[in-house]
Amino acid sequence: EILQAVEGVSEVAVFGVSCDNEGQVAAAAIVSEFPVNPDKVHKHCLNKLQPYKVPKYYLRLKSIPRNRRGKVDTDALRERLAWELAGRAGEIRCKD
């Protein structure tokens, strides 16, 4: 709900990501009508959420992937984030 309050954001999925240097952190996949400034989204979260709940990573997607049951496919989101960050799947290292 917090992220969907950002102008232009139509759908959001927040998911956990295991980072080898930080443990579990939050990431967010965002579907928006037009490009949304990631800094604006992050600042909005900082103003509305406890620091540990603020996503460390944001993905802008055309649609949120879903499984056969219609639930958010968090494995697909983690795979996409790993690919975006490392250029290959399987490794996610959070920024210090």
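Predicted model: local features only at pLDDT ≥ 70, side-chain atom pairs only at ≥ 80, totals over all residues.
## Helix H2

Helix H2 spans residues 74–86 and contains 13 residues. From its first C-alpha to its last it reaches 18 Å, close to the 18 Å expected at 1.5 Å a residue.

Leu77, Leu81 and Ala82 are the buried residues of H2. They lie on the same side of the helix, because the arc they cover around the axis is only 135 degrees. Strand E1 (9–19), strand E2 (23–32) and strand E3 (57–61) are included in what covers these buried residues.

## Nonpolar cores

The largest nonpolar core has 14 residues. Those with the most contacts inside this core are Phe15, Val17, Ala27, Ala29, Leu59, Leu77 and Leu81. E1, E2, E3 and H2 are the elements that give two or more residues to it.

Another core, of nine residues, lies apart from the largest one. Val6, Val9, Ile30 and Cys45 are among its members.

Asp73 lies in the loop between E3 and H2. Its relative accessible area is 24%, so Asp73 is classed as partly exposed; buried would require a value under 20%.

At the start of H2, a side-chain oxygen of Asp73 comes to within 3.3 Å of the backbone nitrogen of Asp75. Leaving aside neighbours within four places in sequence, Asp73 is in contact with Pro65, Arg66 and Asn67. The C-alpha atoms of Asp73 and Phe15 are separated by 9.6 Å, with the two residues 58 residues apart along the chain.

Notes: Residues numbered from 1 in each chain as written. Heavy atoms only, no water. Helix = DSSP H or I, 4+ residues; strand = E, 2+ residues; numbered from the N terminus. Expected span 1.5 Å × (residues − 1). Buried < 20%, exposed > 50% of the residue type's maximum accessible area, 1.4 Å probe, protein only. Arc of directions from axis to C-beta. Contact = heavy atoms within 4.5 Å. Polar contact = N/O pair within 3.5 Å; in protein donor to acceptor, adjacent residues only side chain to side chain. Core = buried A, V, L, I, M, F, W, Y, C linked by side-chain atoms within 4.5 Å.
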